[in-house]
Amino acid sequence: MAKKNVSVFFCQECGNETSKWSGQCPACGAWNSLVEEIVDKTTVKARGKISDVKPTKLINVTASNEHRISTNIEEFDRVLGGGIVPGSMILVGGDPGIGKSTLLLQTCRQLCLSNISVMYVSGEESLQQIKIRADRIGAFNDKLDLLCDTNLDTIKSVVEREKPTVLIIDSIQTMYNESVGSAPGSVSQVRESTSVLMEIAKVQGIAVFIVGHVTKEGTVAGPRVLEHMVDTVLYFEGDRHASYRILRGVKNRFGSTNEIGVFEMRDTGLNEVKNPSAVMLDGRPENATGSIVTCSMEGTRPILVEIQSLVSKTAFEIPRRMATGCDYNRVNLLVAVLERMRDARANKSCGIFLGRSDIYVNIAGGMRINEPAIDLAIALAIYSSEKDIAVNADTVVFGEIGLSGEVRSVAMAEQRVNEAKKLGFKRAIIPASNLSITTGVKDIEVIGVSNVKEAVDAISR
Ligand code: TYD
Ligand code: MG
């Protein structure tokens, strides 16, 4: 077959392929993200060889009872859905410096201690650098093989020879494939490298972890394509400057998504945080106005967080609104609800005027929460700051707010109240429609509210 080099354009954001350059990606709408790459179309064609493949009847397929390898890091196991599935491919994404290499090296250590052979391939660091990091983490045994290489053909042949149970590729962006013309880190390199690794994973039953760096837009650099190729996608979140990190499952073919693992970065590597609520509430000011504790569900796990708000007279033409850790538009909506608040019993308006105030809302601890169940806490934090009322520190608040100011029920109310009770809270303000679910909870006063006005009255008491 004649060799045919074709020039195509890849979107660095979504991986979309077009034959013509344009300023905006036709698939995802990103501007100036298309880059030219030379692709050898012949290799692509030659691979699609037709053979006499037959489909299999589903009932004839015998599933091996999924055996999982525990990482012995409980928080990591939880996000993975109970452990590593042999032959699966796991993408660990995150900003540079957030702790991906550290977590995976710690995983290596734990796996080696349970006599599982692991190969750690690093394209970013030298053997000495890995050793220095390893020394901080703890003692290793002789089960861990290191390889500093970026050529996938070499890596593949070494893996075939050594046959590790778990393979770790530290950063897919540094790997390259000789058959692909473009530079490492380009969309076609990353895509091709991933498919080579996928073959290793599936054919030899090796669990492969891939580290992927994230661009500032929050997607794995260029190759969003990677996300649908792998079995599991995990993202490391958190403020680089704060010490704890959150590992979040975004996709998992072998478990539930939206589970999180919480870690704290120490001088000895990442430590598991078994009780995230206590960490999130650490350092909470006493009797401060504009501070409300709420309970958000992260997967099946309730986490208490403090919502802070500051309302102050504006010095600008248009008042400033800022939301850190929660949705900006949601905050604006809640401000509108507070302004139009009505006292249903007296049938008159009792809204507060915020049109000349700057409003800042922050979720303490660097968590990002998109759950509507924190609505009520945000609204009350704004109210508390505006009215200069300090809310009792023993109170936890949750509930979704509708446009007419009604407080709507949320899922898993009982777990939320229980978590608050566990951490010593004495009072919970929750949607009235959730009251019946929480009757079994003792030792905490549960107050049901059906609209924002009632909630405001409850905290003003
Ligand atoms: P690293 O795992 O290299 O990040 P990534 O692979 O995601 O780019 O870790 C980054 C940071 O963690 C680094 O700035 C130093 C810090 N760190 C500690 O604070 N304590 C430790 O024990 C280790 C190993 C790293
Ligand atoms: Mg790294």
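C28 is partly exposed, at a relative accessible area of 39% (partly exposed sits between buried, under 20%, and exposed, over 50%, using a 1.4 Å probe and protein chains only). This is a predicted model, where local features need pLDDT of at least 70, side-chain atom pairs count only at pLDDT 80 or more, and totals for chains, interfaces and linings use all residues. Residues are numbered from 1 along each chain as its sequence is written, chains are lettered from A and ligands numbered from 1 in the order in which they are written, and side-chain values use heavy atoms, with hydrogens and water left out.

**Cysteines**
- The disulfide count comes to zero, taking a disulfide as a pair of cysteine sulfur atoms within 2.5 Å.
- C295 is buried, with 0% relative accessibility.
- The closest cysteine sulfur to that of C295 belongs to C326, and at 16 Å it is too far for a bond.

**The nine-stranded sheet**
- Nine strands make an open, mixed sheet, ordered β6-β5-β7-β8-β4-β9-β10-β11-β12; strands are DSSP runs of E, at least two residues, and helices are runs of H or I, at least four, both numbered from the N terminus.
- β6 (144-148) and β12 (269-272) are the edge strands with a single partner each, so one side of each has no neighbour in the sheet.
- From one strand to the next, the twist averages 25°.
- Inside this sheet, β7 (residues 166-170) and β8 (residues 207-213) pair in the parallel sense over four bridges; pairing takes at least two DSSP bridges between two strands.
- I169 has I210 in β8 as its bridge partner.
- Helix α3 (residues 100-113) lies across β4, β5, β6, β7, β8, β9, β10, β11 and β12, at about 160° to β5; contact here means heavy atoms within 4.5 Å, and angles run from 0 to 180 degrees between N-to-C directions of axes fitted to C-alpha atoms, for helices over the stretch in contact.

**The three-stranded sheet**
- The order here is β2-β1-β3, in an open sheet with antiparallel pairing.
- β2 (17-18) and β3 (34-40) sit at the edges with a single partner each, so one side of each lacks a neighbour in the sheet.
- β1 (residues 5-11) and β3 are joined by seven bridges, and V6 has V39 in β3 as its bridge partner.
- Helix α6 (residues 187-204) lies across β1, β2 and β3, at about 95° to β1.

**Around ligand 1**
- There are 15 residues around ligand 1, and G97, S101, T102, R266 and G269 come nearest; a residue is near if one of its heavy atoms lies within 4 Å.
- A side-chain N or O atom of S101 is 2.5 Å from an oxygen atom of ligand 1.
- For R136, a polar side-chain atom is 3.1 Å from a nitrogen atom of the ligand 1 molecule.

Conventions:
A polar contact is a pair of N or O atoms within 3.5 Å; within protein, one must be able to donate a hydrogen and the other to accept it, and residues adjacent in sequence count only if both atoms are side-chain atoms.
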